[in-house]
Each structure stands twice: as C-alpha cells, then as structure tokens.
Amino acid sequence: MEILTAIKRVPETGAKVSLTDDKLDIDTTSLGFTFSPHEECAVEEGVQLVEEHGGNVTVLTLGEEDATEQVRSAIAMGADDGILLDGGDAEWGPAGTAKAIAEAVEGSDTDFDLLLFGNESADTANHQVGVRVAEELGLPCVTGIKDLDVDGGTAVAKREIPGGSEVYEIDLPAVVTVKEGLNEPRYPSMRAKMQARKASVEQTEPEPHDEGLELVELEVPETDDSPAEILGESPEAAEEVVDVLEEL
C-alpha cells in the first residue's frame, strides 16, 4: 500500500506570536517550529496502515529549506521517504499549494493508494488544501475523519457529527483529511531521530501559481487578560448570570 501524507511547517502551537515591523510576516527569532497536530495524526495513521497492510509512507511538504526539519520528524515517526517542494520565500496560498502537490503526485513514479492530509493547518486553518488536491486529481475525498479502516481497495471513513456519526465507503485511490484524536501519535525514540537526521529528502522546485491574492497586513488578535469572576455555586447564581447576559 502506497500512502502519501502531507504536512506543513508551522510555529509551535501555543507560542506567543510577534510580527515583523512591516506586519507582513511572523518574527521567528524566538519561535520553535513543528507540524500541525492534525497532520501528526495523519502521519501516524499512514504508518499504522503500512504496519498492518505493508507498503510505504511518503511524507511531503511545501515550504522553504528549513521545512526538511519537519519532514525528518515525520520520518522519525516511521515514514519511509520524504519530499520537499521547495517553494522558496514566495507566498503560497491554498490553491497554489494544492496545485503544486497535485503536480508532484502526478509526476511521481509511485501510484499512491491513499493521500492523507490534516483537516486544517495550525496556523491559517483554511480547511482547503486536501479538498483542492482531490479536485485537481479527480479523486474522491472525505474530510474531518476520526476513524479510518482500509480493506483491499476500499476505505471506510467515519466522521463525527452532533448526536452520532457519518460513515463513508470510498474506492481507492482517495484523499482523506483527518482530525486530531484519530489516533495517538507515537513519540519517536532518540535512535529514530538520529537516523532521520541522516535520511535523504528529495527536493524539487514547484512552479508558482498566481492566485490573484496579495498579502496586505497581518494582525495579532487582542487577548483578554482580565480575571475570571465566579458568580456563585448554587442555583441562585443563575440570577447573576441573567444580569450579566442582559448587560452584554
């Protein structure tokens, strides 16, 4: 079974974000980087499926040279091969990113059975790349998955909804975007990390696609640091809550 998992280099979740003076980029001076929690689950799911059915997991990212760090982190988790689509310092939106990934898949010598994406990235949370790749390749796509089983040429994907779940049966090859909680991503051993540092990462330069978009300015949302107020612990506190809601 041939599986492709796509990841994205993002600032560590929970880190305090500062902007450059021109407000066109994030000041990365004191930031660490990782890849998104949803994508960690995508990598883990790919590794588990190959452990069960045999095959190969290829992890791919679009970004600058530094993004090979995240590719090697995925290899340390158990992925077999790594690909960097070196996008340089150009701005890549969801449409351009999806086109570049789709072109890489079409130009690959490998016929992938399953393409796994995180449901959304931890930075922009656009929810678009996996769906757009599926559209570019003409493949079926299921999003927001919390359970996935593969049997031969068929995948059964389950999506949680209020009060229950939706179950989809799709023929492979297909695209699936997964959510955090699908599985428990493994923590790679020190030996696996050291071996991953020596792993070869294939690099190609994708052709940029003009999306007709221009970044005007970034803005860090204001945070509310005011202390919480406890209105009470008995049913009588309900009256206080009503007063607050009426005031708001």
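Start by selecting Thr-61: at 1% relative accessibility, this residue counts as buried (under 20% relative accessible area; exposed is over 50%, partly exposed in between, with a 1.4 Å probe and protein chains only). Before you click on, note that this is a predicted model, where local features need pLDDT of at least 70 and side-chain atom pairs count only at pLDDT 80 or more, while totals for chains, interfaces and linings use all residues. Numbering runs from 1 along each chain as its sequence is written, and side-chain values use heavy atoms, without hydrogens or water.

Now show what surrounds Thr-61. Leaving aside residues up to four places away in sequence, Thr-61 touches Ile-7, Lys-8, Arg-9, Ala-67, Val-71, Ile-83, Leu-84 and Leu-85 (contact means heavy atoms within 4.5 Å).

Thr-61 sits in strand β4 (strands are DSSP E runs of at least two residues, helices H or I runs of at least four, numbered from the N terminus). Colour the whole sheet next: it is open, with nine strands in the order β9-β8-β7-β10-β6-β1-β4-β5-β11 and mixed pairing (two strands pair if DSSP finds at least two bridges between them). β9 (164-171) and β11 (201-204) are at the edges with a single partner strand each, so one side of each has no neighbour in the sheet.

For a close-up, pick β7 (residues 141-151) and β8 (residues 154-161), an antiparallel pair with six bridges. Asp-149 has Val-156 in β8 as its bridge partner.

Last stop: select helix α2 (residues 68-77), which lies across β1 (2-7), β4 (56-63), β5 (81-86) and β11.

Conventions: Axes are lines fitted to C-alpha atoms, for helices over the stretch in contact, and angles run from 0 to 180 degrees between N-to-C directions.
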